[in-house]
Each structure stands twice: as structure tokens, then as C-alpha cells.
Amino acid sequence: MLRLTFAFLALLIMSIQPLSAAPDPHSYANHDQVRITHLTLDLEVDFEASQLRGFAELHLDWIDENARRLVLDTRDLSIESVLIPSADGPWKRARYSLAKAEPMFGQALRISLPDRPERVRVVYSTSPTASGLQWLPAAQTAGKRHPFMFSQSQAIHARSWIPLQDAPAVRFTYDAHIRNRAKLLTRMSAANDPSDQADGVDHFAMTQPIPSYLLAIAVGDLRFKSLGERSGIYAEPSVLDAAAYEFADTEQMIDVTEALYGPYRWGRYDLLVLPPSFPFGGMENPRLTFLTPTVIAGDRSLVSLIAHELAHSWSGNLVTNVDWNHFWLNEGFTSYVENRIIEAMYGSERADMERVLSQRSLELELAELDEADQSLVLELAGRDPDDGMTAVAYDKGHWLLRTLEQRYGREIFDPFIRQWFDRNAFASVSTDDFVAYLRSELLDKHPGKFRDDELQDWLHYGGIPGGAVAASSQAFDLVDGYRADWLAGRTPAADLPAQQWSTQEWLRFLDGLPDQLPVARMAELDQIYSLSGAGNSEIAFAWYIKAIRTGYAEARAPIEGFLTRIGRRKFVLPLFTELVKRGGEDRRFAEQIYAKARPGYHAITQVSVDQLFAE
Ligand code: BES
Ligand code: ZN
């Protein structure tokens, strides 16, 4: 009886902690036993049903000789059948079971494969509410005439449109055959031929192995414009020229990054501008960065986003975090490389300003974060990996690398980083790997510059370690001076040299305005500089935050317009947060806007904002 109870208990525990046996904390996959090496996708994109239908064929490498089962990640997929090749020709059915759905992680698909086949085919369709896809009606596109669909797989949404091992430790090549009856152009994170015509049928091959979170697809009324020998831009026709102007420096950015960190290994580097509901600023899908249209400011002032996504071609796509606890290896390295690209392209003044802004956003976010979430190495088991998407991974990670750069000098540090990329190209790495490399290549070879306890402090403790040197910018010091003069009534708003300010200087100016600023003074700025309704999304956003905090009601209509037009989470969530924080009238205003805007938002943005209103 006791034995039975134990057996029952063990079974029960296994079923409530289904991820505990898997090597990745956010995946059910048994990739320590069998691994996907190649994926073939054959899918129909059905805009009427908001559904992908077809099959995914997985090539398998059986690592563990005792393994007889393949466990895949899925979420909201309808599995029609699982097939394996048979000796006499036709595919035959394999036995499988689909585990209970878990809200954060989806459903494990357990396929019984006693004969350890080389390939398995899953015939399936996606749900119209797949978390990794957004289906946009024509009304939500720039052109208003054709529907649009795009994916966002990072961190764990690939499983909602493909059954696979959704863990960044697993890399595979892929090819895809994609059809749509709307005869729109499909692009993927693979080789895209710029001369492809939109006829509803597209083929792709990705010959470099990538992790699942870099699988991407977009289908819409897309046109191409070349930016250089190996770069170009896809966008809806009405957006194409503005985008091409904005991102004209892309080709040169690739050259500059190669000079620093070695060859760009992915062939072409194209950009794809999405509709404004895209939940992020950018996504480093290999060969084809996905972008929010909100970086098209008209003056090329927000192109650090391009530098960032391009940098991922080394940090992240080439050298990948082994799981999401080590996300800082992706984003901290990328933020550092981004800043080096900006410096090489636009000079150190601009790079300094952006570093000050980065450290400032870190300071603000640290004030809100639990101590445990302030260390570079995270403990995200059982949690949504998106919880790790904070300024800690980005800006604290960046700051650690900057600190090392300062201690060792660029003659030593630059080759050190370049070698990290070369040695780990197309591999997945953990913080331990980085620490071992850092110890052997820097700490031991050049003793006395960086202590081991400092390193531990950065990696495993909250806050900013004492030895970190804060960035500074002379241009910002001037802005601070002008702000103080204006606040003290020494300089009228019209006499500020603000017409010459860069976007970064404006952001600095706005950030330093006190939350108690009288409404009349907000109005004074607004009348002269037309900040409400500003075309630059970063400036508009920073202004609206201040407008809410100071109770400047004139900005209400433009805030409503901004929140209904744009679905980028970085803008939407803080604005709603500020309104909700103030309560009363402001909260009702927020609720009324959200009721209108929510249907147009991406699932990722919806989940975050829903949470806010539920608190
Ligand atoms: N890879 C990220 C976006 C991401 C991270 C999506 C985690 C899902 C989960 C991308 O490279 C990124 O960092 N985008 C930033 C822009 C950047 C300039 C800080 C963004 O979207 O805000
Ligand atoms: Zn990034």
C-alpha cells in the first residue's frame, strides 16, 4: 500500500513538475537524449482562418542510445498526426500523447519512437490566437488593403507555430515552403532573394544552424529597396522610401562591425518594417531584422536600434545564451557592441550620450526590481523568461563589459571579445563558459586589474558594483545647465538652444524635469517646441510620461492617439502604468483607451497590460 502510494505520489509530482527532468528550464524537450538537426516546414498561410496549416519535418540525432522517445514543445497547436518514414515507402503513424496545457510553457508532445527514426513529421495547424503570431486585418496595416501576418518567437513562442525543441541550446538548419492564397510576399529568417515576386509561393533555406527563437516569418504587401551590396529593406509600399532614408547607414554599419569583431557570417542583412503593433523595437531574426516603424523618426536619430539588432549577428545569433537565465550574454554583449558601432559611426560624443541614457534607465529600473532580479545571472525556472527582459541584462551587462574594457584597454579587450565570438561561433554558452574564458584570457594573463570578487558581485548580486565608472557626457552637462536655468526662470523657453538639440539631448532634458512642474510651465515648453504630438516616438513618449506625472491635461488627446496607434510594449506599458498609478480620473482614462486599443495590440503587449490592470 505504502509502495503504491509512493508510486502514485511520484507520478503526481512528475505530472505537476513536467519541466524538472528537461535540461532547459523553459522547455519540455529531452534534447540531452535526441536533438533536432534540421527542420523542413511546409505550410499554408490562411488569412481567412488566421491559421498556419501543414507539417514540420524534424531530422533527429539520437544522442542517448537508450532514448526511445522525442519530447517536443507545443502551445495551442492542433496535432493531426505524427508520421515516420517506413521501409516500404508511405509514412506510417507514430504513437504520441499531448500533455495537459500549462499556461506559461504550453504542452509537451511526447512521441514514442521505438525504432529511433532519422525523421519525424508532425502534421498540424496553429490556433488563431497563437502567442507567437499576429494576424492583422488590412485596416491595421499602413496600406489598409491587404492583411499582414508576422511572428515573434523569442523567448518561447516558436512553439506556438511550430512543434519543436524550443530551447536555445538546440540549433538546427531549416528549409521552408510557404504558400498563401492572398498572393502576398513571404519573408523568413533565412536566405531571401530580393528579386522574388509576390505570387503566393515562396521557398527558403537557412544553411547556418540557429536556435528556435530565431525562426521568423512575415507575410504582407512587402516591397524591397536596396540599401547596399548586401543590405536592403522590406516594407509596405507607403513606408518604403522613408524607411530607406532612415536606415541608409546600414551597409556601413556592417563594415564597421566587421572591422571590430570579424566577418559577418550570414550572407545578406536585410531589414523588415512591421506594422506599429509589433511589440518590440527590433528583433534580430537572422539575415532579416524585424523593426518597429516607430524608429522612423525622419532624422536617423534612432538608428542605434539597427546597430543593436545588427550586433546580435555576433552576440546572440552566432554565440547564444544556453538558456534564458544567461540572457545577459545575448543582450549585455549586444548593448556593448551596439555602443561601439555608434561610436565608430557617429563619434564618441553620441556614444557617450547613449551610454548615459542607458545607465540612467538602469538606475530607474533597479529602484523597482527585486534584489534577486538585479544580478546578471538569473533564476527564471518556473517563471516567464520575458521576466528577464530588464535593463539588468542590457545595461548592467553592457556596463560590466565597459568596465573590463576600461581596465584592460582596447588593445587587449577588443581581440578578447572578437575571440569569444570566433571560438563560440554557432554554439550556445553559459555564464560559466564566459567566466572560464575571462579568467584564462584576461584575469590570469594580466593580473591586478579586475578582482574575482568584483566579478562575482556583477554576476550574482544586486545593484551596481562599486568599481563601476559612470558614463558622462559634456553635451548632457550643458543640457542640464540649460534646464536648471529655465527652471529657475533665468532663461525663457524660447531662448533655449533646443532647436539644435539632438534626440538624445531632448531625452536628457525631459528626463530631468521635476514631476511637480506646474502645468503652466509644461504648456510653455509645449507651445514653443510642439512636444505633444511630436513625430519622434522617443521624444513623444518621454514627454507624455512627464505630462501624466505633472497632470498636464493638454496632452491627453495626443496620448490617446499614441496609445491607439502604437503597440510597442516599451512605450505602451509605462504610459498605462503611469496613468494607473495616479488612479481616479487618470485610471478611467487609461481603461477607456485600453478598451479601444487592446484588440490592435500584439498578444505579448496584451498580456503585459492585462497584468497591470489586474493588479
Ligand atoms: N532580442 C531583443 C528583443 C526580445 C528580447 C524579444 C527578449 C523577446 C524577448 C531585441 O534585440 C531587443 O533587445 N530589442 C530592444 C531594442 C534595443 C535597442 C534595446 C527593444 O525591442 O526594445
Ligand atoms: Zn537585443
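Mentor: A residue is called exposed when its relative accessible area is over 50%, and buried when that value is under 20%. Please keep in mind, as we read, that this is a predicted model.

Trainee: How does that apply to Lys581, and is this residue buried or exposed?

Mentor: Lys581 has a relative accessibility of 59%, so it counts as exposed, whereas Glu578 has a relative accessible area of 8% and is therefore buried. These two residues form a salt bridge, in which the closest N and O atoms lie 3.5 Å apart.

Trainee: Which parts of the chain does the pair of Arg181 and Glu44 link?

Mentor: The side chains of Arg181 and Glu44 meet in a salt bridge at 3.4 Å, N to O, and this pair links distant parts of the chain, with Arg181 in the loop between β11 (171-180) and β12 (185-188) and Glu44 in strand β1 (residues 34-46), 137 residues apart. Arg181 is exposed at 56% relative accessibility, while Glu44, at 16%, is buried.

Trainee: Which residues join Arg181 and Glu44 in one network?

Mentor: Through salt bridges that share partners, the network also takes in Asp42, Asp46, Glu48, Arg53 and Arg179.

Trainee: How many salt bridges does a search of the whole structure find?

Mentor: The search finds 53, including one between the side chains of Arg598 and Asp610, at 2.7 Å from N to O. Here Arg598, with a relative accessible area of 30%, is partly exposed, and Asp610, at 28%, also counts as partly exposed.

Notes
Residues are numbered from 1 along each chain as its sequence is written. Chains are lettered from A and ligands numbered from 1 in the order in which they are written. This is a predicted model: local features need pLDDT of at least 70, side-chain atom pairs count only at pLDDT 80 or more; totals for chains, interfaces and linings use all residues. Side-chain values use heavy atoms; hydrogens and water are left out. A salt bridge is a side-chain nitrogen of Lys or Arg within 4 Å of a carboxyl oxygen of Asp or Glu. Helices (H or I, at least four residues) and strands (E, at least two) are DSSP runs, numbered from the N terminus. Buried means under 20% relative accessible area, exposed over 50%, partly exposed in between (1.4 Å probe, protein chains only).
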